[in-house]
Amino acid sequence: MAETKAIMLVGVGGQGTLLASRILGNVLLSAGYDVKVSEVHGMSQRGGSVVTYIKYGDKIFSPVIEKGEADIIISFEELEAARWLPYLKKGGKMITNTQQINPMPVIMGVQQYPDDLIGKIRAKGVDITAIDALALAEQAGSSRAVNVVLMGLISKTAGFPEEAWQNALDACVPKKAIDINKKAFELGRGA
Amino acid sequence: MAGLMLGNQAVARGLYEAGVEFVSSYPGTPSTEITEFASTYDRNEMYSEWAPNEKVACEAAIGASFAGIRSFCAMKHVGLNVAADPLYTASYTGVNGGFVLAVADDQGMHSSQNEQDSRNHAIGAKVPMLEPADSGECKEFTKLAYEISEQFDTPVILRLSTRVAHSQSVVELEDRKTVRYEYKKDPHKNIMTPANAKPKHVIVEERTKKLREYAETSPLNRVEMFSDEIGVITNGAAYQYAREALGENASYLKLGMVNPLPVKLIKDFAAKVKKLYVVEELDDVIETHCRKIGLDPIGKELFTFIGEYSQTYLREKILGEKNEFVQLEDVIPVRPPVMCAGCPHRGVFYTLKKLGVMVSGDIGCYTLGSAAPLDAMDTTVCMGASVSGLHGFNRAMRGEYEGKAVAVIGDSTFIHSGITGLINIAYNRTNSTVLVLDNSITGMTGHQNNPANGKNIYGDPAAAVDLEALCHAVGIDNVTVVDPGDLAETERVIKAALAAEEPAVVICRRPCALLKTVKHKPPFRVNTDKCKSCKACMKIGCPAISMTDGKAHIDNTLCVGCGLCSQMCRFGAIEE
């Protein structure tokens, strides 16, 4: 029986975590797994902290991931990587975009954006890869393609056929944005 | 064919396959996507609409059922309070074509003002309630709900939760079938005068007995026997958590029909296991039933009434096991939802904070006006309560606050249930000031058209409520329209309305910045030579503005060029 694997996508509302989760879910389903994807809507467009859970295996029951359970966490923003770190399983892998988006308490000067979060996470013995996905997204033609850059990056380590990813992009990305997103995916995959 | 579907999407698919022809709903997280997905089907087969509120939606669906077609309405848990009136009596009339009402509870209050358990409404209305635990069941249970509705002559409630509604899992697609019944006038069945309703109540009680018998053997309720050490009676998302937490070290009675509950099935299951748990989120409905039939399960003495459960929570509570995890020593600043850059509500709430008035709040994006740094809200209860509550507040204060208190309510919420409160202000006369925040869309639930914006669910042109004329028609003479993007004018107009010796409405009109039809200007930028670091621009709480190296800085990936910050700057440092 294939072990249940758990992936989390975390970021800031408006960064496109929902589209990324659709792409990932599509790839996993085509690979023959039972898949559950859980997301919270409603407040997600308002710049709040957002999380999506993706679980796959022979048979998935609970759609949620709890502290200490995620095999992989893909973070769209540095502070969110730190916020959701406790959800990573011992020996799990973290991938983060180095983009920093100030939350309201930092904007108002009430709290500080902590420094060197990636270094501190690494110092905890966590396997973390950091890339500037925003720069690659802009290179692809849109700052909004950060989500697909990160999917390109994860496609290297996730180990599914590239064709499955391309099919998932075709199925999930609106037609008018497909060229930019395919380029963003390639840049992420090459990073 | 099979694919991943949201629970809500699967419900919509179930409606289509069940041959439903009429769908009417008011948006409410986490139920909204059911109706959005329903509207993607051919409207000649399955017609969908946004109703002004849940009561109207429910009554429209009852009317369609009377006519002989299968009908549907969806709402969030608090929406069922609004629709409870028609539902409780539709329980007596029963149906012609099958009628199903979906209600989505919000365990954990991801996007709600309370955490009520809708199973209590099913018990109160004496109607059957089905509760799926994944998307596949969402589709199957939806279809079965119509069979039950017609077989037992009753409305059926389909209960979802945030987790089930907003999780994707695999769904198999099947073909649509069509079902239509003839319309026949039947006063004894459909006119609920006391003379007709008294014999109907007898029928309702008999129906509950029959439904309970049905529950004993229905495929909706399923026993999974593995171990006789632990038995778990559970429902909905809680089943998934229990199944993952305990695996095959326990046995399960998964209840897909949560009202009425079976008796023999539960007793037989309880007799087969050494230790019996009831694992249900929110209220102790199943547990109370178990006690009524003479069982003594472990329930709320161990598990909380509050929030969502999870596999980790149950593992800890039942097995005493905890997960290990790492965390940083740093304090991680919270990231609460905020008004978007360019949000038209920002100018209104900045003005209200500046004026220091009491703000009677309501349900929508603008409830974020309660958050720092705007902090411009005093109360929020439910849809429409801003307007009616302000009237009571002003009456209680004997007029003392009439010049320093306002109600704020969005266009969609005003249509939903603000109008009646405004009628009360005019009729029972308080000099109350109501601000209608008209952003031309139902925003918080993700952009649905509504009766005030001139478009129906399909985006076709539709009659638009003329808000100014409506206010005049109910007896409000003092009605002003202002663009909340103009801070000086907004302040002047709100002050004038507050000063007036009569009830007043100010319509703050500017479309939501996220609407695709809204053309944005290029991002503004800070001239650092002119910036005096006074932080005046920070007072509006825009997520695009921060202090970088001692000077104001505008994030050009977020800024939509609304220009509100430039109106705050006395030094002309913020430039187009």
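This report covers the interface, the voids and some backbone features of a predicted model.

**Interface of chains A and B**

Chain B meets chain A through 54 of its residues, which are in contact with 55 residues of chain A. The size of an interface is often given as the accessible area lost when the parts come together. Here the area buried between chain B and chain A is about 4800 Å². Carbon and sulfur atoms give 60% of that area.

Six salt bridges are found between chain B and chain A. One of the salt bridges pairs B:D330 with A:K120. Their closest N and O atoms are 2.8 Å apart.

Which elements of chain B each supply at least two residues of the side that touches chain A? They are the strands β1 (2-6), β8 (167-172) and β20 (545-548), together with the helices α10 (236-246) and α13 (311-319). The largest share comes from α10(B), with five residues. By class, the side of chain B that touches chain A has 26 nonpolar, 18 polar and 10 charged residues.

Two helices of chain B, α4 (77-93) and α16 (411-427), each supply at least two lining residues. The largest share of the lining, five residues, comes from α16(B). The pocket lining divides into 16 nonpolar, 22 polar and three charged residues.

**Cavities**

How many cavities of 30 Å³ or more does a search of the whole structure find? The search finds seven. The largest cavity has a volume of about 120 Å³. Its lining is made of 15 residues. Nearest the centre of this cavity lie B:C340, B:C343, B:C365, B:C512 and B:L514. The cavity lining holds nine nonpolar residues, five polar residues and one charged residue.

**Backbone features of chain B**

Most residues other than glycine have a negative phi, and most peptide bonds are trans.

| Cis peptide bond | Omega |
|---|---|
| B:T29 to B:P30 | near 5 degrees |
| B:A372 to B:P373 | about 5 degrees |

B:P30 is in the loop between β2 (22-25) and α2 (32-38) of chain B. B:P373 lies in the loop between β14 (358-360) and α15 (385-396) of chain B.

Phi gives another case. B:M109 is a residue other than glycine, yet its phi is positive, near 45 degrees. Where in chain B is B:M109 found? B:M109 sits in the loop between β5 (99-105) and α5 (119-125).

Methods. Residues are numbered from 1 along each chain as its sequence is written. Chains are lettered from A and ligands numbered from 1 in the order in which they are written. This is a predicted model: local features need pLDDT of at least 70, side-chain atom pairs count only at pLDDT 80 or more; totals for chains, interfaces and linings use all residues. Side-chain values use heavy atoms; hydrogens and water are left out. On a 1 Å grid over the protein atoms alone, a cavity is a set of points where a 1.4 Å probe fits but cannot get out, and a pocket is an open set with protein on both sides within 12 Å along at least five of seven lines; lining residues have an atom within 4 Å of a point. Grid points are joined across faces, edges and corners, and a volume is the space filled by probe spheres set on the points. Ala, Val, Leu, Ile, Met, Phe, Trp, Tyr, Cys and Pro count as nonpolar, Asp, Glu, Lys and Arg as charged, and the others, Gly among them, as polar. Contact means heavy atoms within 4.5 Å. Buried area is the accessible area (1.4 Å probe) that two parts lose on being put together, summed over both. A salt bridge is a side-chain nitrogen of Lys or Arg within 4 Å of a carboxyl oxygen of Asp or Glu. Helices (H or I, at least four residues) and strands (E, at least two) are DSSP runs, numbered from the N terminus.
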